[in-house]
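Open your viewer and get ready to select residues one stop at a time. Here is a short tour, with a note at each stop on what to pick next.

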Amino acid sequence: HFSLDDLKEVRGIAVPGALAKIVLATLLGMGAAHIWGWTLGAGLVFGLALSVASTVVLLRALEDRGLVDSLNGKIAIGWLLVEDLVMVLVLVLLPALGGFLGAPAASAAPAAAPLFSATSLGLALLLAIVQLGIFVGVMLVGGRRLFPWLLWQVAKTGSRELFTLCVMAAAVGIAYLSSAVFGVSFALGAFFGGMMLRESALAHRAAEESLPFRDAFSVLFFVAVGMLIDPAILMREPARVAVVVAIIIVGKFAIAFGLVLLFRYPLNTALTIAATGAQIAEMMARKNDYY
C-alpha cells in the first residue's frame, strides 16, 4: 500500500516529526522509569519501547476507514516508517551501549571497559549505517527494476497459482535476506518487500492475490502479541500500568498533535496523525533482556 514516491511526498514532515516524537516520548518514559528507581539503561530501553508505534495496527486502522491513499494516511505511514528505520539503528546500538548504560560488563578489566565500549559503539554505529545504506540501495534498485520485471514474466505464464506463489516468495525472501544479510528486522524487511512490489504495475493484482494470506497472518500477529501479556500485572502494578497507558495514549497523542500543528498542517491532519500514533509497537521487546 505504500511506495517510495509516497514517502518522498511526505518526507518534509515524516522525517523530522518522527525523530522529534521518538526523542520526546523516550524522555517521558525515562522520566517515569527514573521516578520508579530504574537504571539509566532500563529507562532508555523502556522509553524507546514506548516511543514507537505498530505499522500493522496503523495499516489496519487506515484500511478500515479508507484512508491509506489519502494525504493524512501517507503522512502517518511515512512517519511510522521513519520510526522503524530509527529503531533498526537503536537495536544495533543497544548492545554496544550496554557498558555506558549499566549493563553487566563483558570484560573483567574495569579500566579497559570505557575504551572498549566507545570503540564498540563507534564500530556498531558505522556498521549499522553502512548496512542500512546498502539495504536501502539494494531495495531501490530491486524495487525499480527487478521485481516489476519478475512479476511481468510470471504473469505472462497465465498461471494464477504461480503468480501468487511468486508474490509470497518475493515477500518472504526479501524479509529473510533483510534480516540475515543486512541485520534489519524481519518485519521491517517484509514491509520493504511490500514497498518494492508496489512499484510494479501489477501491484493491485498482487495485493488481491495475497489478501487471504495477509488477513490470516494479521490475525496470528495480534494473537501472538496478546499471548505476551501477563494479566496478573494489572493487579500487581495498577498504578504503573496506568502511567504507561497514559504515556502511550495521552502523551504520544499530545506530542504528535503539537508537532503536526508546528508544521502548519490543518487540524484534521494533526488529529489523524496523533490518533494513529497513540499506540505501541512490539519490536523493542527482544532487547529488554539487556537491562
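**A tour of the chain**

Start with helix α6 (residues 160-182), which gives the nonpolar patch its largest share, 4 residues. This is a predicted model, in which local features need pLDDT of at least 70 and side-chain atom pairs count only at pLDDT 80 or more, while totals for chains, interfaces and linings use all residues. Residues are numbered from 1 along each chain as its sequence is written, and side-chain values use heavy atoms, with hydrogens and water left out.

**Stop 1: the nonpolar patch**

Select V172, Y176, L177, V181 and F186: they form a nonpolar patch on the surface, with about 500 Å² of accessible area together. Such patches are made of residues with over 30% relative accessible area and no salt bridge, where nonpolar side chains (Val, Leu, Ile, Met, Phe, Trp, Tyr) are joined within 5 Å and like charges within 9 Å. The areas come from the Shrake-Rupley method with a 1.4 Å probe, and for residues only the protein chains shown count as cover. Now pick out Y176, which sits in helix α6. Is Y176 buried or exposed? Y176 has a relative accessible area of 53% and is exposed; the classes are buried under 20%, exposed over 50% and partly exposed in between (1.4 Å probe, protein chains only).

**Stop 2: the whole chain**

Zoom out and colour by secondary structure. The chain comes to 11 helices and 0 strands, where helices (H or I, at least four residues) and strands (E, at least two) are DSSP runs numbered from the N terminus. Of the 291 residues, 42% count as buried.

**Stop 3: aromatic rings**

How many aromatic pairs are there? The count comes to 4 aromatic pairs, taking rings of Phe, Tyr and Trp (its six-membered ring) whose centres lie within 6.5 Å, with planes under 30 degrees apart counted as stacked, over 60 as edge-to-face and the rest as tilted. Show F253 and F257: their ring centres are 6.1 Å apart and their planes stand at 10°, so this pair is stacked. Both residues lie in helix α10 (residues 238-262), 4 residues apart, about one turn of the helix. An α-helix has 3.6 residues a turn, so residues three or four places apart point the same way. F253 is partly exposed at 27% relative accessibility, and F257 is also partly exposed, at 22%.

Next, select W36, W38 and F46, which form one aromatic cluster. Then move to F163: R205 lies over the face of this ring, at 4.1 Å from the ring centre. A charge sits over a ring if NZ of Lys or CZ of Arg is within 6 Å of the ring centre and within 35 degrees of the ring normal.

**Stop 4: salt bridges**

The structure holds 4 salt bridges, each a side-chain nitrogen of Lys or Arg within 4 Å of a carboxyl oxygen of Asp or Glu. One of them joins the side chains of K74 and E9, at 3.5 Å from N to O. K74 lies in helix α4 (residues 71-101) and E9 in helix α1 (residues 4-35), so the pair ties together parts that are 65 residues apart in sequence. K74 counts as buried at 16% relative accessibility, whereas E9 is partly exposed at 49%.

Go on to D230 and R236, whose side chains meet in a salt bridge at 3.3 Å, N to O. D230 is partly exposed, at 36% relative accessibility. Another bridge links R240 with E237, the closest N and O atoms being 3.7 Å apart. R240 is partly exposed at 29%, and E237 is partly exposed at 32%.

**Stop 5: a kink and a loop**

Follow helix α8 (residues 203-226) to L211, where a kink of about 55° lies shortly before the proline P212. The bend at a residue is the angle between axes fitted to the seven residues ending there and the seven starting there. Buried residues of α8 include A203, A206 and E209.

Now select R264, in the loop between α10 and α11 (267-277). Most residues other than glycine have a negative phi. R264 has a positive phi of about 65° although it is not a glycine, and at 79% relative accessibility R264 counts as exposed.

**Last stop: M195**

Finish in helix α7 (residues 186-198), the place of M195. M195 is buried, with a relative accessible area of 1%.
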